[in-house]
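Welcome, and thanks for opening your viewer.

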Amino acid sequence: MPEKLPSRSEDFSEWYNQLVLRAELADYAPVRGCMVVRPYGWALWENIQQALDRRFKETGHVNAAFPLFIPMSFLEKEKEHVEGFSPELAVVTHGGGEPLSEPLVVRPTSETIIGYMYAKWIQSYRDLPVLINQWGNVVRWELRTRLFLRTLEFYWQEGHTAHATEQEAIEETLRMLDVYADFAINDAAVPVIKGKKTESEKFAGAVMSTTIEAMMQDTRALQSGTSHFLGQNFARAFEIRFLDQNNQLQYVWTTSWGLSTRFIGAIIMTHGDDQGLVLPPKLAPIQVVIVPIYKNDAERSAVLETAQRLFHELQAAGLRVKLDGREEMTPGNKFYEWELRGVPVRLEIGPKDVQSGSVTLARRDRPGREGKSTVSQQGLPETIRALMNDIHRSLLERATAFREAHIFDPKDYAEFQEVVQRGWAFSWWCGRKECEAKIKEDTKATSRCIPFEQPGGSGRCIVCGEKADQKVYFARAY
RNA sequence: CGGGGUGUAGCGCAGUUGGCCAGCGCACCGCGUUUGGGACGCGGGGGUCGGCGGUUCAAGUCCGCCCACCCCGACCA
């Protein structure tokens, strides 16, 4: 039978790589750094999309689609933007067998081409705000790639909004960060910390970048979603102007915000265990798997009849259910397989259950015997709903407790350098680039965010000892 | 792009100082027996040994070049 997964403690990154492949979330494509998202992985992504899209619609956004190709000159219109992205651009120089008069960039993000269109569409304050989101793919020519975490091409959504006032654009930026945090916590059971990026970590072309940061089980940080206040930078670059109520020509204020398939990596590394994936119930492609157990034909037909009846009952109750009727595989083998693939709830139905009107329930967040219980077939959908809520709650609690146990408040820089190798440091920082750079140089840890939730007061910079009025999370990051 | 490593069946590997027909485990296909935590028997299919060139009577094995991938650094959602 398939060998065991490497354990997280012996080799976390190998655990991750093998898990992605073996759970059939994704596979390596024939192009270096590119991945194929397999049906199971895509189903997970579709559930993420639905959860987010619903929230985008609720907050007044509409979807649209912009081109994959962007004229090179567009990128060059915003100075910081082009400086940030030019090293990682894929550029198309030929089309239809002829050299192009102007190279086309495969979009690394769409601020520029959307800015160009907004300039055409926006004339008056009556046209504002523009609240558009796009689901799509982008390409960034990364040097070191990992499935889901960093690939040359990835799937995401990017929201792009334009507003009449700075205030309104900042509010939008923060509102969408809240949407991400709400999704992460309440749908993915991934606890996140909301905050601001430092100058050196912010998006190329942004005035302010905000982020949700999550801690993986190896204690590294993963930026799981970002929302940017772009000020008038792109408005000026693309002449996005409107006439206000006083007939004055003004530049709009824009925002952009994105969450990518990287989030799948966050789910894997937040909840996964040594048996495999542990998917949060609300996003799991299969929420309940039914494994029938029998020895002979008589048992087989009785068990399958019950299994099918319960399958339809659960399906009718709106649960994503799978009945695993494969004849060639033993139940034990199926248990291992569905555990590897992270299905939150497993239902075992055997002759004894048929007899007594019960089923055996196994919850994925507690592997082995410990997670098993026998429950009545009566009211099974409700029982399972309650169980899934409990699983969600316990995943979130466990991940939060893990994170809290690995956030440190080092007393001095020596201790800082030590703790940042086994967790995050939450430390005072004076705000100077040099101190931030020294940390990166000495420890490979970077500033993750300046959390909105601050202890208040002031302290001394962990590096230079100068007065500091903000505390910052520092961590090694993906 | 620098440092290190690996390329033999889908996956994991073995293959002696070069020697006849390139092997093993798992997976896969067929038949039968099995099935409450990774079943078993029998029978099968599957290979330009990463690529190109060289040395040799003879290359998976020796030499050169190239390619791909993995790990470590510089860039990053």
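Which residue does the side chain of Arg 55 meet in a salt bridge? Select Arg 55 together with Asp 187 and you will find the pair, with N to O at 2.7 Å. Keep in mind as you look that this is a predicted model. The two partners come from distant parts of the chain, 132 residues apart: Arg 55 sits in helix α2, while Asp 187 lies in the loop between α6 (166-186) and β9 (193-196). Both Arg 55 and Asp 187 are buried.

Stay on helix α2 and select Glu 58 and Arg 54. Their side chains also form a salt bridge, at 3.2 Å from N to O. Glu 58 and Arg 54 are four residues apart in helix α2, so about one helical turn separates them. Glu 58 is exposed, with a relative accessible area of 56%, and Arg 54 is partly exposed at 41%.

Next, show helix α2 (residues 39-58) alongside helix α8 (residues 262-271). Their axes come within 10 Å and cross at roughly 105 degrees, so the helices are roughly perpendicular to each other. To see where they touch, select Gly 41, Leu 44, Trp 45 and Ile 48 in α2, then Phe 263, Ile 264 and Ile 267 in α8. Sorted by class, this contact has six nonpolar residues, one polar residue and no charged ones.

Now move to strand β8 (residues 153-163) and pick His 163. Is His 163 buried or exposed? His 163 has 2% relative accessibility, so it counts as buried. Its side chain makes a polar contact with the side chain of Thr 161, at 2.6 Å. Leaving aside residues up to four places away in sequence, the residues that His 163 touches include Leu 128, Pro 129, Glu 168, Glu 172 and Trp 253.

For the last stops, return to charged pairs. Side chains of opposite charge can pair when their charged atoms come close. Select Glu 434 and Arg 432: they form a salt bridge, with the closest N and O atoms 3.6 Å apart. Arg 432 counts as partly exposed, at 38% relative accessibility. Then select Lys 197, Glu 201, Glu 213 and Arg 448, which are linked in a network of salt bridges.

Terms used
Residues are numbered from 1 along each chain as its sequence is written. Chains are lettered from A and ligands numbered from 1 in the order in which they are written. This is a predicted model: local features need pLDDT of at least 70, side-chain atom pairs count only at pLDDT 80 or more; totals for chains, interfaces and linings use all residues. Side-chain values use heavy atoms; hydrogens and water are left out. Axes are lines fitted to C-alpha atoms, for helices over the stretch in contact, and angles run from 0 to 180 degrees between N-to-C directions. Helices (H or I, at least four residues) and strands (E, at least two) are DSSP runs, numbered from the N terminus. Angles under 35 degrees count as roughly parallel, over 145 as roughly antiparallel, 65 to 115 as roughly perpendicular and the rest as oblique. Contact means heavy atoms within 4.5 Å. Ala, Val, Leu, Ile, Met, Phe, Trp, Tyr, Cys and Pro count as nonpolar, Asp, Glu, Lys and Arg as charged, and the others, Gly among them, as polar. Buried means under 20% relative accessible area, exposed over 50%, partly exposed in between (1.4 Å probe, protein chains only). A polar contact is a pair of N or O atoms within 3.5 Å; within protein, one must be able to donate a hydrogen and the other to accept it, and residues adjacent in sequence count only if both atoms are side-chain atoms. A salt bridge is a side-chain nitrogen of Lys or Arg within 4 Å of a carboxyl oxygen of Asp or Glu.
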